[in-house]
Amino acid sequence: MNERIRNTTVIAVGNQKGGVGKTTNTIQIAGALAERGRKSLIIDLDMTSGATKALRAPTDGWISSFELLTGAENAEDTIITNDEPEVPLPPNIHLVPSSRKLAELDTFLAQNPWLIHQDLLIEPMNQLRGRYDYIFLDTPPQKTKTTIPALKVADYAVLSAMPDHLAVSALAEALSDIAAAQRHANAQLSLLGVILCAVPRPKTRLARELVAYVERTCVDADGQSLKFATEISRSVAVQEAQKAGQTLMQHQGDHPVADEYRALAKEFEERLNARRESLATTGEVAHA
Ligand SMILES: Nc1ncnc2c1ncn2[C@@H]1O[C@H](COP(=O)(O)OP(=O)(O)OP(=O)(O)O)[C@@H](O)[C@H]1O
Ligand SMILES: [Mg+2]
């Protein structure tokens with residue numbers, strides 16, 4: 001790869017609750033960032049292969065995130081790029097697919113006691129930083145063996161939430177995990193923001209309650225809300241794009257939800273820039 005060196009930001013996209021838009025938001029934000037000229041790598045760390053399936057990549061028989069985590073392959077060799085004819089990935093999005101082998105990670109670790117579980121992504125990230133503008137770590141629901149190494153290496157965490165009865169308790173748990181990761185493993189980790197997605201229009205009572213909870217609970221040191229102002233509406237267009245293995249920008253680029261993702265990507269980058277500037281002025285060292 002003979003390309004310029006990029007200033008890579010590693011983002012862990014999480015929430016212990018299943019089906020709250022982690023994978024969808026990862027892919028759609030990467031798609032909207034691609035329109036802004038950014039190059040992203042999505043690493044699928046979920047053994048159910050949500051991102052891999054949504055991008056129509058194989059979940060079997062290919063080198064996957066299992067080999068990346070276990071060091072069986074060079075990180076670079078686990079990546080599906082835009083040059084792979086069998087997997088037509090969206091422009092400027094590369095993928096490390098996941099496979100069912102991830103289910104064997106516990107056994108692998110038990111048999112390889114010198115490997116430190118929470119450090120599994122350190123060497124892969126050392127190899128891959130500089131090649132992408134963004135590396136998105138799409139984590140599984142529950143605090144599994146792949147969420148912990150993701151929070152250890154990420155520069156930022158982004159949480160995803162959808163209005164439903166369990167959303168508030170799941171977010172509370174995710175916030176406490178981020179705090180634990182900051183305390184025990186990665187002092188540089190910070191919560192970039194919370195994405196509210198699949199929001200019904202007009203907003204239901206549940207949706208309004210979730211917004212109020214996030215605005216009250218997820219705040220930065222200055223008391224500013226960490227909720228992204230851009231909320232993503234519920235729409236079948238999102239699922240239709242997923243079925244086609246495309247981003248919404250590719251599939252229905254003039255859809256209002258595609259515009260919401262564009263606005264979210266803009267807000268996401270503005271927030272990142274503001275954080276970088278504030279780190280630079282306070283003299284702190286950004287994640288190396
Ligand atoms: N804005 C939206 N409008 C309608 N449906 C949506 C929207 N965003 C996500 N969905 C749907 O919600 C479901 C769950 O989304 P997704 O798979 O992204 O969640 P997840 O948190 O990654 O789930 P898991 O925990 O299983 O990995 C999917 O069927 C997806 O198509
Ligand atoms: Mg998922």
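Visitor: What makes up the lining of the second largest pocket, by class of residue?

Guide: In this predicted model, the lining of the second largest pocket divides into six nonpolar, seven polar and one charged. Its 14 lining residues include Thr-24, Met-162, Ala-198, Val-238 and Gln-239, which lie nearest the centre. Met, Ala and Val count as nonpolar, so Met-162, Ala-198 and Val-238 belong to the nonpolar group.

Visitor: Which helix gives the most to that lining?

Guide: Helix H9 does, with three residues. Helix H9 spans 236–243, and helix H1, spanning 22–35, also supplies at least two residues. The space in the second largest pocket comes to about 200 Å³.

Visitor: Why is the space lined by Gly-14, Asn-15, Gln-16, Thr-147 and Leu-151 called a cavity?

Guide: A cavity is a set of points where a 1.4 Å probe fits but cannot get out, whereas a pocket is open. A search of the whole structure finds one cavity of 30 Å³ or more. The largest cavity has a volume of about 100 Å³, and Gly-14, Asn-15, Gln-16, Thr-147 and Leu-151 are the closest to its centre among 15 lining residues. Strand E1 (9–14), helix H6 (147–153), strand E5 (156–161) and helix H7 each supply at least two residues of this lining. By class, the lining of the largest cavity has eight nonpolar, six polar and one charged residues.

Visitor: How do you know that Ile-43 touches Leu-128?

Guide: Contact means heavy atoms within 4.5 Å, and Leu-128 is on the list of residues that Ile-43 touches, along with Ser-65, Val-96 and Met-125, among others.

Visitor: Why is the chain called as compact as a globular protein of its length?

Guide: The chain has eleven helices and six strands. Its radius of gyration is 18 Å, close to the 19 Å that the globule rule gives for 288 residues, so the chain is as compact as a globular protein of that length. Of the 288 residues, 53% count as buried.

Note on methods. Residues numbered from 1 in each chain as written. Chains lettered and ligands numbered in written order. Predicted model: local features only at pLDDT ≥ 70, side-chain atom pairs only at ≥ 80, totals over all residues. Heavy atoms only, no water. 1 Å grid on protein atoms, 1.4 Å probe; cavity = no way out; pocket = protein on both sides within 12 Å on 5 of 7 lines; lining within 4 Å. Points joined across faces, edges and corners; volume = space filled by probe spheres on them. Helix = DSSP H or I, 4+ residues; strand = E, 2+ residues; numbered from the N terminus. Rg over C-alpha atoms; globule rule 2.2 N^0.38 Å. Buried < 20%, exposed > 50% of the residue type's maximum accessible area, 1.4 Å probe, protein only. Lists of a residue's contacts leave out its neighbours within four places in sequence.
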